Amino acid sequence: MTRSDVQLMLDVKAGDQQSFELLLQRYRTPLVNFLYRMVRSREQAEDLAQEVFLRVYRAREDYEPSAKFTTWLFRIATNLALNSVRDHRYQKLEVSMDAPIVADAEDGEERMMEVADEHPDIEQHLVEEARKKMIRHAIEKLPEKQRVAVLLHKYQELDYGEIAKILQCSESALKSLLFRAYETLRVELAPLVAQSVKH
Amino acid sequence: MSCEKMETRILAYVDGRLKESERAEMEKHLVGCSACGLRVNEFRAVAGLLDELPVIEPSGAFNARVRALVAAETQKRSGWLAWFTPSPRVAFVASMLLLATVWMGSMQRPAPPIDAQDLPVVESSDYDVISSFAPLSDLSQAPDDDSNDSDNGQQQQQPQQM
């Protein structure tokens, strides 16, 4: 039987190291992805995710299951991500959509030139990569809080109550925040949205 | 339902997170409002586009690095705890020292406060007695072998000549 996050954390609190391993396994990918989309650097995202796990471990003795484990986990991650974004604001790279393709091969996520030879339809591949780049840039351009809300809502599928607690706002404020974020994305991605709506 | 009220519910509708009653109310509005209908379709399209982003996997060394951090943390804590954990001998010596300090402190009686009124006051009439005191007069006659101090010596001897 699968133990819940809270049960695992309570077992960690009781000194069970194996339960911490299970939590690590369960949340390493969601955390790294969330942080990657926040800080835009794979290496930095991994460093921050490691710090999140370390803080969880450090806090094990004081852990009380008063809230969902994911709320607590992503609150730590959000605080670390926002601090990191503010600290590294000067490192923001404004990558133009017209920039050479290799410029996007930042962290090995999409190394287009490497796969070009293997791809049967290079033109189709380039179109797909351009779409992804456009989507990623649209998310990156969102104000920090809106970005956190979208990432937690869309990719982590947290409920409104949890996201509101993480961002320390009311649920209605969160709904407005998300609405504004989706409005901005709708405008930023207008050509792609129009294509999708037509189909 | 007004179009403004739609704004707070549109995303939950697209996600399928609305309650049944709210969803029914929403759909009733959408039948008669093409603008909101278009907005719903556009939000659905945005949600679909967000799904296109690939999921990245943490590097192979990720777990090992977390384990190393946790192990270092455990070692650090146990180091501090060992420092604070009292050994029986140290605890005995420390408690004996403390007892001895307290005992010695209690044995020392505080000195009685000095009453300024009890101090003898030199009356001005005693000055003549002190100034004519022979041993003091001898002391005031400084040797003359140091030429630098000759002026001072003369100044000190002047009252005697008078």
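B:Leu11 counts as buried, because 22 C-beta neighbours lie inside 10 Å and the cut-off for burial is 20 or more. This is a predicted model, and I shall return to its confidence later. B:Leu11 lies in helix 1 of chain B. Leaving aside residues up to four places away in sequence, B:Leu11 touches B:Phe43 in its own chain and A:Leu178, A:Phe179 and A:Tyr182 in the partner chain. Its C-alpha atom is separated by 9.4 Å from that of B:Ala47, a residue 36 places away along the chain.

That brings me to the interface. Chain B contributes 28 residues in contact with 31 residues of chain A. On the side of chain B that touches chain A, the elements giving two or more residues are helix 1 (3–15), helix 3 (34–50) and helix 4 (62–84) of chain B. The largest share, nine residues, comes from helix 3 of chain B. By class, this side of chain B has 17 nonpolar, five polar and six charged residues.

In soluble globular proteins, nonpolar side chains tend to be buried together. The largest nonpolar core here has 60 residues, and those touching the most other members are A:Leu35, A:Val52, A:Leu73, A:Ala77, A:Ala149, A:Ile163 and B:Val46. Helix 2 (residues 17–39) of chain A gives the most to this core, with eleven residues. Consider A:Ile163 in particular: not counting residues up to four places away in sequence, A:Ile163 touches A:Ala149, A:Leu152, A:His153, A:Leu158 and A:Leu174.

Helix 3 of chain A (residues 42–58) passes the corresponding check: its 17 residues should span 24 Å, and its end C-alpha atoms are 24 Å apart. Its buried residues are A:Ala45, A:Glu46, A:Leu48, A:Ala49, A:Gln50, A:Val52, A:Phe53 and A:Val56. An α-helix has 3.6 residues a turn, so residues three or four places apart point the same way.

Some backbone angles also deserve attention. Most residues other than glycine have a negative phi. A:Arg40, in the loop between helix 2 and helix 3 of chain A, has a positive phi near 65°. A:Arg40 counts as buried, with 20 C-beta neighbours inside 10 Å. A:Gln168, in the loop between helix 8 and helix 9 of chain A, has a positive phi of about 55°. A:Gln168 is exposed, with 9 other C-beta atoms within 10 Å. Finally, A:Glu157, which follows helix 7 of chain A, has a positive phi near 55°.

I close with confidence. The model scores ipTM 0.81 and pTM 0.69. Chain B has a mean pLDDT of 76, with 59% of its residues reaching 70 or more. Within chain B, where is confidence lowest, and where is it highest? The lowest mean, 44, belongs to helix 8 (residues 150–161) of chain B, and the highest, 94, to helix 3 of chain B. Over residues 145–162 of chain B the pLDDT is below 50, and this stretch has seven contacts in the model beyond near neighbours in sequence. Where pLDDT is low, the predicted coordinates should not be read in detail.

Key
Residues numbered from 1 in each chain as written. Chains lettered and ligands numbered in written order. Predicted model: local features only at pLDDT ≥ 70, side-chain atom pairs only at ≥ 80, totals over all residues. Contact = placed C-beta atoms within 7 Å. Helix = DSSP H or I, 4+ residues; strand = E, 2+ residues; numbered from the N terminus. Nonpolar A, V, L, I, M, F, W, Y, C, P; charged D, E, K, R; others polar. Expected span 1.5 Å × (residues − 1). Buried ≥ 20, exposed ≤ 12 C-beta atoms within 10 Å, placed from the backbone. Core = buried A, V, L, I, M, F, W, Y, C linked by C-beta atoms within 7 Å. pLDDT = per-residue confidence, 0-100.
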